[in-house]
Amino acid sequence: MLWLFCWFVLLLKSLGSVHGGNITYDGRSLIINGHHKILFSGSIHYPRSTPEMWPSLIGKAKEGGIDVIQTYVFWNLHEPQQGQFDFSGRRDLVRFIKEIQAQGLYVCLRMGPFIEAEWSYGGLPFWLHDIPGIIFRSDNEPFKFHMKRFAKNIVGMMKSEGLYASQGGPIILSQIENEYMLVEAAFHEKGPPYVRWAANMAVGLQTGVPWAMCKQDDAPDPVINSCNGMRCGETFAGPNSPNKPALWTENWTSFYQTYGEETYMRSAAHIAFHVALFIAKKGSYVNYYMYHGGTNFGRTGSAYIIPSYYDQAPLDEYGLIRQPKWGHLKELHAAIELSSSPLLSGAHTAFPLGELQQAYVFKSDAGECAAFLVNNETSDVKVVFQNFSYELPRNSISILPDCKTVIFNTAKVSTQHNTRSVISSQKFDSIEQWEEYKEVIPDFHETSLRAKKLFEQMNTTKDSSDYLWYTFRFQHDSPSAQSILNVASCGHVLHAFLNGGHAGSAHGSRQKKTFTLKNSVRLRNGTNFISLLSVMVGLPDSGAFLEHRVAGLRRVRVQGKDLSNHPWGYQVGLSGEKLQIYTDLGSRQIQWRRFGISTHQRPTWYKTTFDEPAGNNPVALNLGSMGKGEAWVNGQSIGRYWVSYRTSKGNPSQTWYHVPRSFLKPKGNLLVLLEEERGYPLGIFLDTISITKVCGLVSGSHLPSVTSWRRQDGSGKIYQKKPDRRPKLQLDCPPKHIISKILFASFGTPSGDCESYDIGSCHSSNSRDIVEKACLGKNRCSLIVSSHTFGGDWCPGIPKALLVDAQCS
C-alpha cells in the first residue's frame with residue numbers, strides 16, 4: 001500500500017501545475033506533447049517586483065489569457081562579484097518559476113547573458129570588464145569562457161530542480177544572446193563565429209527544449225530566429241527555415257521611459273491589430289514586453305532610465321490591471337483560441353479584398369475554417385468575403401472563427417477603461433519629523449587615491465556607487481577674483497564645489513552623451529580647493545564594445561588653463577554610502593542634526609520614520625517636492641529619483657515611487673533620502689494607489705463578449721450558449737469595492753471618450769436613472785446597449801452608443 005500512498009501524494013502535487021513533456025517544433029508552431037500550440041506570453045521580470053507580488057501578477061496574467069511567462073536571467077544580479085552567487089529574495093529565480101508552474105503556466109527563459117532590458121550594463125557583471133583581453137559578445141575566448149560558465153550554472157540549477165519541460169517542468173523555450181544582429185557588423189570577422197558558437201554552446205547544454213535567438217536572421221539550426229518590435233506582422237521576414245515556427249519574443253506594449261521624456265502611450269487597439277496580423281500570417285507565439293514592467297529598484301536601471309518600468313503595460317507598475325489594455329487583449333486571446341483548430345491544422349491562403357484590404361484564410365480537410373479580414377485604410381470600408389458583406393472599421397482586423405461570423409474586431413474596444421487614483425495617507429510636513437546629515441565634501445588633502453590625469457569613472461567606481469569625486473588644488477595669485485570654471489563631462493550629472501561652496505551643476509541626457517559646465521566662479525587669493533562630483537544615473541546597457549564605453553570628466557579648465565593632467569585626488573562614493581546611513585544600524589552610527597539647523601548645503605541626507613498605511617492597496621512616495629537623489633525604506637532602495645529634470649511639457653518624468661508592502665513593517669519604518677540638489681522634504685507625501693473610476697463606451701455596432709461563443713466539437717461550427725448579438729457595457733470595480741456613484745451616463749450620441757465627454761445632440765433623459773438602478777451598490781454591472789434598455793428610441797435612424805463613468809469605493 002506504500003506505493004499507492006506515494007502515487008496519490010504525487011498525483012495531488014501535480015494537480016494544477018504544468019508538465020511540459022516533449023517539446024519540439026515545426027514550421028507551424030511549437031509542439032507540446034504532440035500538440036501544436038498557439039501561445040500567448042507575457043514578460044514579467046522577477047527582480048522588478050517582489051516574491052510577495054509574484055502570485056498575484058502571474059494569476060492576473062493567466063486570467064488575461066496568457067499561457068507563458070517570459071523572463072530574462074540577470075547575470076549581474078546573481079553574480080555581482082566573480083564566483084559569489086546570490087539567489088535570495090527578488091533574485092530567487094527558482095521560486096519564481098515554481099510559482100508559474102503552480103499556476104499552470106509555461107516559462108520562456110531568456111538566458112542572455114547579455115539582455116539589455118534597460119538594465120544596468122545590459123545585465124553583464126562589471127567585473128567582466130577587468131578580465132584580461134576580454135571583448136564582450138564576440139569570438140573572444142575570455143568572454144566565451146565566462147558566458148558558458150554562467151549559462152551552465154543556470155541550466156544546471158534548472159535541471160537540478162526539474163524545471164525543464166523535458167523533465168516535466170514548465171520551461172518550454174529558452175533564448176541565448178539578445179538582438180545581436182544590431183551590433184554584429186561592428187565585430188567584423190569576430191561576429192558570425194560568435195553567433196555559431198553561442199548557438200552550439202546553448203544546444204550542447206541539452207535542456208531538451210528549443211532555443212531561440214531574437215533579431216538574428218541567421219540563427220543557426222536548430223535555433224529559431226524570432227522577431228522583436230511593435231509591428232512584427234509587417235516587419236518580420238519570417239523564420240530562416242521552413243521547419244521553424246514564427247515567434248515574436250518582444251511585442252512592446254508601450255516603451256521604456258527616460259528622465260526628461262514623456263510617457264509613450266500605445267493603445268489596446270493598436271496592439272491587438274498587430275497581434276492579429278502576426279497570427280494571420282502564421283505566427284504562433286506572441287510575447288508582450290512587458291506584461292508587467294515593475295520597478296527598477298536601487299541602482300539597477302540603465303543610463304537615464306526611470307525606476308517605473310513599462311507602467312503602461314496590461315499590469316501596471318504596482319500590479320494593478322490596466323484597462324482597456326488587459327481586457328481587450330483577453331478578448332483577442334479568446335478569439336484566437338476559438339479559431340485555433342483551423343489555424344493549426346488548416347491550409348493557409350491570402351488574397352486581396354480591395355486596394356488596402358486583405359483576407360487570410362485557414363481551412364482544414366475536415367472543413368473547419370477561420371479567417372482574418374484586414375483593413376489597412378484610414379477609413380471604414382465594406383468588403384465582400386465568401387459572398388457576404390462585412391463592414392471593417394479603419395485600421396482594423398476582424399476575426400471569423402468559422403469564416404462567417406465576426407466575433408472580434410481589433411478596433412472595437414468594448415472593455416471598460418479604468419483610472420488609477422492616489423489617496424494621501426501621510427504628509428511629512430513637520431520640521432520635527434525630519435533630521436539631516438550634511439554630506440562631507442572632500443578636498444584634495446582628504447583623498448588617498450591620486451593621479452596626474454582624469455580617471456574614467458566606471459573603471460574607477462567598479463559599479464559600487466553612482467558617485468566619483470574629482471578634487472584638485474588651484475593656486476590663484478591674480479588681482480581679479482572672477483574666473484571661468486569649464487568642465488567637459490561624459491558622465492550624466494556634475495556638481496561643482498569651490499572651497500566647500502556650491503559652484504554650479506549641469507547634466508546631459510539619454511540622447512546627449514556629453515555636456516559642459518561653464519560657470520563664473522570667485523576665486524580667493526592663494527590656494528583654492530575645487531571638488532567636482534561626477535554622477536552616473538545608471539550604466540550603459542547596449543551597443544558594441546560595451547567594455548570600452550567611458551564616463552566621467554574629460555577636460556577641466558580654470559582661467560583658460562587646461563588642468564586635465566594636473567595632480568588629482570579621487571574618492572569613490574559618498575561618506576553616507578560607506579556608512580550605510582540608509583539602514584537602521586548605519587543610521588544609528590552617525591550624529592543626525594535637526595532639520596534646517598544650518599544653511600543648506602548639497603548633497604544632504606534626510607531621515608524620518610512613518611507607519612504603514614492601513615489596507616492592502618499599493619503604496620508610493622510622492623517625491624514631487626524633491627530634486628535629484630535616491631530613496632531608501634528600511635534599508636531597501638526604491639530607486640533613483642530625479643524630479644527636477646522636467647519634460648518638454650514641464651512635468652517630472654516620475655513623481656510617485658513604489659514602496660512594496662513587503663518592504664514595510666506596521667510601525668516605525670525608516671525613510672532616508674539622499675538629495676543632491678535643493679529638494680524640500682516637507683512636501684513629501686505617502687500615498688496609496690487604487691482604481692477608483694471605471695468607464696465604458698460601447699456603441700450598437702460593438703460585438704458581444706468573445707467568451708459568449710463556443711465551438712461545436714467535430715463540426716467546426718461556432719455558437720452562443722445564450723444567443724444574443726446585442727453588445728453590452730460592463731463595469732467592474734476592483735475586489736471589495738462597489739459602484740458608489742454614477743459620474744456621467746448618456747445613451748444616444750455622447751461626444752468624446754472616457755478621458756473627456758459630454759452629452760451629444762441625441763440623449764436619453766433617463767440614462768442616469770437606468771444606469772444607477774442597474775449599477776449602484778454592486779461590484780459589477782452590465783447593460784445591454786439598445787433603445788429597449790432605455791425605454792424607447794429617442795432619435796430614430798441614428799446610431800447610438802452608451803457612455804458611463806462611475807466611481808468605485
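Is E675 buried or exposed? In this predicted model, E675 is buried, and its relative accessible area is 0%.

E675 belongs to strand 37, which covers residues 669–675. A residue counts as buried when its relative accessible area is under 20%, so the 0% of E675 falls in that class.

The side chain of E675 has a polar atom 3.2 Å from the backbone nitrogen of G679. N287 is 388 residues from E675 along the chain, and the C-alpha atoms of the two are 39 Å apart.

## L494 in strand 24

L494 is found in strand 24, made up of residues 493–498. With a relative accessible area of 0%, L494 is buried.

When neighbours within four places in sequence are set aside, the contacts of L494 include V487, G504, S505, A506 and F515. L517, L532, L533, S534 and L553 are in contact with L494 as well. Between L494 and P210 there are 284 residues of sequence separation, and their C-alpha atoms lie 48 Å apart.

## Helix 5 against helix 6

Two packed helices can be described by the angle and the distance between their axes. For helix 5 (residues 141–160) and helix 6 (residues 191–204), the angle is about 25 degrees and the axes are 11 Å apart. Angles under 35 degrees count as roughly parallel, and helix 5 and helix 6 are therefore roughly parallel to each other. Their crossing is right-handed.

On the helix 5 side, the residues that meet helix 6 are F143, K144, M147, K148 and A151. Helix 6 contributes Y194, W197, A198 and M201. By class, the residues of this contact between helix 5 and helix 6 are seven nonpolar, no polar and two charged.

## Helix 4 against helix 5

Helix 5 also packs with helix 4 (residues 93–102): the two axes come within 11 Å and cross at roughly 45 degrees. Helix 4 and helix 5 are therefore oblique to each other. The crossing of helix 4 and helix 5 is right-handed.

L93, V94 and I97 of helix 4 make this contact with I154, M157 and M158 of helix 5. The residues of the contact of helix 4 with helix 5 are six nonpolar, no polar and no charged.

Key: Residues are numbered from 1 along each chain as its sequence is written. This is a predicted model: local features need pLDDT of at least 70, side-chain atom pairs count only at pLDDT 80 or more; totals for chains, interfaces and linings use all residues. Side-chain values use heavy atoms; hydrogens and water are left out. Axes are lines fitted to C-alpha atoms, for helices over the stretch in contact, and angles run from 0 to 180 degrees between N-to-C directions. Helices (H or I, at least four residues) and strands (E, at least two) are DSSP runs, numbered from the N terminus. Angles under 35 degrees count as roughly parallel, over 145 as roughly antiparallel, 65 to 115 as roughly perpendicular and the rest as oblique. A crossing is left-handed if the near helix is turned anticlockwise from the far one by less than a right angle, and right-handed if clockwise. Contact means heavy atoms within 4.5 Å. Ala, Val, Leu, Ile, Met, Phe, Trp, Tyr, Cys and Pro count as nonpolar, Asp, Glu, Lys and Arg as charged, and the others, Gly among them, as polar. Buried means under 20% relative accessible area, exposed over 50%, partly exposed in between (1.4 Å probe, protein chains only). A polar contact is a pair of N or O atoms within 3.5 Å; within protein, one must be able to donate a hydrogen and the other to accept it, and residues adjacent in sequence count only if both atoms are side-chain atoms.
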